[in-house]
Amino acid sequence: SRFSTSAANMIKKITVIGGGLMGSGIAQVAATTGHKVTMVDTSEDILQKSVKSIQASLARVGKKKFANDEAAGKKFLEDALSHIKPTVNIKEAVKDTDLVIEAIVENMDVKHKLFRELDQAAPQHTIFASNTSSLPIGKIAEVTSRKDRFGGLHFFNPVPMMKLLEVIRIPETSDETYKKLLEFGKAMGKHTVECKDTPGFIVNRLLVPYMMEATRMLERGDASAQDIDSAMKLGAGYPMGPFELADYVGLDTCMFIIDGWHKDYPENPLFKPVPLLQKMVADGKLGRKSGEGFFNYKKSSM
Ligand code: NAI
């Protein structure tokens with residue numbers, strides 16, 4: 001069928017660039033689903049931390065998966081870890097890889113610098129993908145000579161728990177490349193959805209403006225943060241309210257995303273900056289990670 005690739009043609013070896021929150025999750029899941037993974041970051045120190053966090057997460061997953069079989073859980077952990085090779089050497093990491101997944105800082109200049117280097121170092125057949133949340137894939141791909149072998153693989157945090165994978169194609173992405181990316185996503189055990197290279201793809205395109213509109217409501221004094229969250233949980237069946245979600249994502253991240261889209265699409269009222277959000281970020285209220293956002297997470301005040 002249109003969606004099957006011969007076994008010999010499948011993605012087996014992958015390279016994840018960036019061993020942070022997302023990169024380590026992607027590396028972990030790829031390793032537990034039978035892929036050989038090389039994980040790259042900027043220092044041995046960071047890589048060591050990434051491996052530690054993968055180890056802890058694998059132990060949790062293993063415990064759940066093999067509840068009455070400690071030996072099987074241990075084997076699961078060791079097998080997966082043995083399939084992840086951490087390195088700071090990009091050239092070495094991509095020399096015979098089928099797919100590179102980029103999960104470094106959300107900054108176009110830094111991503112361009114990386115992809116220029118990758119384009120030189122990787123073999124012809126290697127497919128490139130970015131895990132970016134808010135930057136256009138087509139713009140990231142511009143610095144490479146392989147736009148036909150370029151796409152987006154947008155995972156969700158935490159990667160081992162979240163089933164969804166948005167698979168993005170730019171106009172130049174070949175059918176062959178797109179098919180391989182979709183099949184790779186399924187091989188990773190994810191539910192794939194297809195989307196064009198539009199701001200926020202599917203999930204964030206709907207969620208971010210929704211969180212911003214909730215913030216505008218609060219700013220006008222229409223309702224309290226607590227009541228808006230309760231209303232959306234109990235009235236719309238959402239697992240989290242918009243403010244609980246914004247605090248989880250990080251208010252600085254929300255602001256960075258909406259400001260970026262506003263710059264690219266100044267006429268879209270959904271992307272208008274929100275003064276209350278800007279003030280909170282300026283005051284260092286970033287959500288859970290700073291101890292305070294729309295809600296307070298400091299122990300003393302609970
Ligand atoms: P993070 O800050 O946790 O990790 C980024 C890692 O990349 C760090 O370990 C850093 O040392 C490394 N890095 C930076 N520049 C590098 C370079 N030139 N070469 C190699 N490694 C480099 O960030 P996070 O949250 O994992 O985000 C990474 C990407 O994933 C971003 O593009 C972000 O938009 C996207 N994303 C984030 C989600 C989230 O919930 N945090 C969800 C989906 C996508």
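Leaving aside its neighbours within four places in sequence, which residues is S57 in contact with? The legends below begin with this residue. The model is predicted: local features need pLDDT of at least 70, side-chain atom pairs count only at pLDDT 80 or more, and totals for chains, interfaces and linings use all residues. Residue numbers start from 1 along each chain as its sequence is written.

View 1. S57 is found in helix α2, residues 44-65. Helices are DSSP runs of H or I with at least four residues, strands are E runs of at least two, and both are numbered from the N terminus. Beyond neighbours within four places in sequence, S57 is in contact with Q28 and P160, contact meaning that the C-beta atoms, placed from the backbone, lie within 7 Å. S57 is buried, with 20 other C-beta atoms within 10 Å. A residue is called buried if 20 or more other C-beta atoms lie within 10 Å of its own, exposed if 12 or fewer, and partly exposed in between, with C-beta atoms placed from the backbone.

View 2. The "binding site" annotation in the unreviewed UniProt entry covers S57, K64 and S133. These residues span 77 residues in sequence and their farthest two C-alpha atoms are 29.9 Å apart, so they do not all gather at one spot. UniProt positions are given in the numbering used here, feature names are shortened, and annotations may be inferred rather than shown by experiment. K64 also lies in helix α2; K64 is exposed, with 9 other C-beta atoms within 10 Å.

**View 3. Strand β7 and its partners.** Strand β7 (residues 164-169) has 5 of its 6 residues buried, so it is largely enclosed by the rest of the structure. Strand β6 (residues 150-154) is joined to β7 by 4 bridges, and the two run antiparallel; strands pair if DSSP finds at least two bridges between them. G152 has I168 of β7 as its bridge partner. Strand β8 (residues 191-196) runs parallel to β7, with 6 bridges between them. E166 has V193 of β8 as its bridge partner.

**View 4. Helix α10 and its cover.** In helix α10 (residues 242-249), 7 of the 8 residues are buried. Among them are F243, L245 and V249. The elements covering the buried residues include α8 (203-220), α9 (225-236) and α11 (251-264). G250 follows α10 and has a positive phi, near 105 degrees.

Technical notes: Two residues are in contact if their C-beta atoms, placed from the backbone, lie within 7 Å.
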